[in-house]
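This report describes a structure built from chains of residues. Please read it with the sequence and the model at hand.

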Amino acid sequence: MAALGAGAAGCALLVTARAVTIAPKLLVHLDGDYIHISAPRLGFLNGKALERLKDGVSIAFIGQLTITSQPNAVVADARSAARFALSYDIWDEHFSVTRFGDRPGSQRSISHLSAQAAETWCLDNLAVEQALMHPDKPFYVQLDLRADDPRDQIGVIGEPGINITRLIEIFSRPVKGNQQRWLLNAGPFTVAELKKARYG
Amino acid sequence: MFAARLTSFPALLLLTGSALSGPAFAGQALLRAASEANVNQRYTIESVSISGVQVERAKLPAGLRHRLIAMVGARCDMTAIGDMAAELRKELHLRAVNEHLSRGSQPDQIRVNFEVVKRDIAFEVSVPKFLYHSKQGFTGEVQASTHAGPNTFTLGAVSNGDDLTERYTGIVARYEDAKVFSDKVRFGIGFEDFHEQWSNSTQRAMAAGGAESGLELYRTRRGVSPGFTFVAAKSLTLSLGANFAQMKPETSGASQRSANALTADAHFAHSVEGTVQQTLDGKYSLRLGTRSLGSDYSYTRQTISFRYQVKYGKQLASDDFMGGNISGDAPFFERFVLGSSSTLRGWDRYAINPLGGTRVAHNSLSYGYQFGDGVGEVFYDSGALWNRDKGTGGVRHSLGIGYRQGIFVLTMAFPVVEGRVSPVFMAGMNY
């Protein structure tokens, strides 16, 4: 009985340890006039997306940072959305990122980055102006990041109209296989707290 | 579960269209922009292969092979490589084609490999055309096709209340050989078997004297149409063939009627790329019904159409003209109609002429502006439909607005009629 209990405790520890290892955490901080985020263990450049990038193909990511006054609230108090194009230099073996802005001329690019630096640069470009927030009002932060596989669209809609066979193939796949998505939540925070943390 | 939640097929189509081309999937514009920003664009393509086989040795249609070979030595344009992968997938009827870049033998050179994935299933089912018209109802087509080398077999079901005076519903089958002796000659033979439904307006008009003009309503129509297509030049194709149709009259006891005709088409398409993109598309079509082919109808039907489109930045303008003439006695299915999803949009075709006409002239002018992945447009249609020995009955006009995203179109059209406004709504794809 004692052995059984020890075994169960060991399993629970293992499960907890695994959960701790893989669960990415969303960190929030102030930098200048903006609320920034970071997620050191997110690692969104992995799996299928990384495989395609190393094939030399571009991958598009859509990121959205949402600030709400309640957890999981539908209406956002502030929001920052951006579209990113990542590619991997076959010779240089480094990543390149382009952020597409909403206005002409607002496109920004950076290259010669490691995978982690590329991820950091993307998240750093999702910032919300702190002036939009009340200094003492608590707020929650949500990061929604999606990778798009262009091949999913090709072949469904084209010259012969809607290809039902291809559509069935796509709807038959597991949801995760169709589109990679990361959703992280954190909070509550206040601007005043973040300022305090920033200036020690 | 997914389908069960939807109340109608158009809803499914529109939902599918918006889901696959809307913001949730980023849209083709973002994916194209992502390709254009690819860091490997600065390299030069050293070689191209298909599943590891050098393109010079790969078993491919000549046209495709030439285009692939032309990529060697060019800049590593990821948009062009992506387009080529899509073309390979389409032309070779593959399930998927994945691009793979690797280092070349020299620094700054890249090897491109297209990894192909074959289909698991032999048949491909598609919906080539679908339309919901608030006054005419549904028009749609479903087809299944299979490919064996250059040969394609297609079997489909159709219900069309948009193109002709009557609604025709039935099956179509087609065989096509895309390579007869060379890539420039194609052969096809089609078979169709339709049941016809006539509107009350058409039946009343026939009872009021339409029959005296030699016209005859029929219950069923069956046809075979073999033909060759020749690619005469890059922008010119010519087609020659025949159409053998048999109709069973509505009147019981009446014998079957045949409408057999020789057919010829010439199609010209030319585009100019640049800051201002221009496209010119022209078509001439001739159908010659002759008693020497055993036809009960002797007639000549000619149509000519032009489309000119100009695109500058996000702005798009186009003009479509169509004119036609029938001489002799032609069967109903050859007669011209206005008031469809592409001509005099918004007009009731039976109010224009419930029996169709033997002369037609139509023009459509449109202006569009690109919003995201879609195009919002306004249009102005004008046209006349009449019969020989009678006046034109005047030129009719209609105005409308629409939104187009890929092959999906939503349209609201207003016929210009004095004293009332009765808009017509249309939704669908490829119309």
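Asp319(B) stands opposite Leu365(B) in strand β16(B). The model is a predicted one, in which local features need pLDDT of at least 70, side-chain atom pairs count only at pLDDT 80 or more, and totals for chains, interfaces and linings use all residues. Residues are numbered from 1 along each chain as its sequence is written, while chains are lettered from A and ligands numbered from 1 in the order in which they are written.

Helices (H or I, at least four residues) and strands (E, at least two) are DSSP runs, numbered from the N terminus. Two strands pair if DSSP finds at least two bridges between them. β14(B) and β15(B) form a hairpin with two residues between them. In that turn, Gly313(B) has a positive phi of about 60 degrees.

| Strand | Partner strand | Bridges |
|---|---|---|
| β14 (residues 299-312) of chain B | β15 (residues 315-328) of chain B | 14 bridges |
| β15(B) | β16 (residues 359-371) of chain B | 11 bridges |
| β1 (residues 44-50) of chain B | β2(B) | two bridges |
| β2(A) | β7(A) | two bridges |

## A mixed sheet and the helix across it

Four strands of chain B form an open sheet in the order β2-β1-β4-β3, and the pairing is mixed. Its edge strands, each pairing on one side only, are β2 (53-54) and β3 (96-103) of chain B.

Helix α4(B) lies across β3 and β4 (109-117) of chain B and runs at about 140 degrees to β3(B). For such angles, axes are lines fitted to C-alpha atoms, for helices over the stretch in contact, and the values run from 0 to 180 degrees between N-to-C directions. Two residues are in contact if their C-beta atoms, placed from the backbone, lie within 7 Å.

The expected span of a helix is 1.5 Å times one less than its number of residues. The 14 residues of α4(B) (residues 78-91) should therefore span 20 Å, and the end C-alpha atoms are 20 Å apart, which agrees.

A residue is buried if 20 or more other C-beta atoms lie within 10 Å of its own, exposed if 12 or fewer, and partly exposed in between, with C-beta atoms placed from the backbone. The buried residues of α4(B) are Met78(B), Ile81(B), Gly82(B), Met84(B), Ala85(B), Leu88(B) and Arg89(B). Seen down the axis of α4(B), these buried residues fall within an arc of 160 degrees, so they line one face of the helix. The arc is that of the directions from the helix axis to the C-beta atoms. An α-helix has 3.6 residues a turn, so residues three or four places apart point the same way. Just after α4(B), His93(B) takes a positive phi of about 55 degrees.

## A residue in strand β10 of chain B

Ser225(B) has its place in strand β10 (residues 218-233) of chain B. Is this residue buried or partly exposed? Ser225(B) counts as partly exposed because it has 17 C-beta neighbours inside 10 Å. Leaving aside residues up to four places away in sequence, Ser225(B) touches Ile189(B), Gly190(B), Gly241(B), Ala242(B) and Asn243(B). Ser225(B) and Phe191(B) are 34 residues apart in sequence, and their C-alpha atoms are 6.5 Å apart in space.

## Chain A

In chain A, an open sheet of three strands has the order β1-β2-β7, with antiparallel pairing. Its edge strands are β1 (27-31) and β7 (128-129) of chain A, each of which pairs on one side only. Tyr34(A) has Glu129(A), in β7(A), as its bridge partner.

The buried residues of helix α3 (residues 115-124) of chain A are Ala118(A), Glu119(A), Cys122(A) and Leu123(A). These residues cover an arc of only 130 degrees around the axis, which puts them on the same side of α3(A). Among the elements that cover them are β2 (34-38), β3 (59-68) and β4 (78-88) of chain A.

Chain A has six helices and 11 strands, and 29% of its 200 residues count as buried. Chain B has six helices and 20 strands, and 30% of its 431 residues count as buried.

The predictor's confidence in each residue is its pLDDT, from 0 to 100. For chain A the mean pLDDT is 77, and 70% of the residues reach 70 or more. Over residues 10-21 of chain A the pLDDT is below 50, and this stretch has zero contacts in the model beyond near neighbours in sequence.
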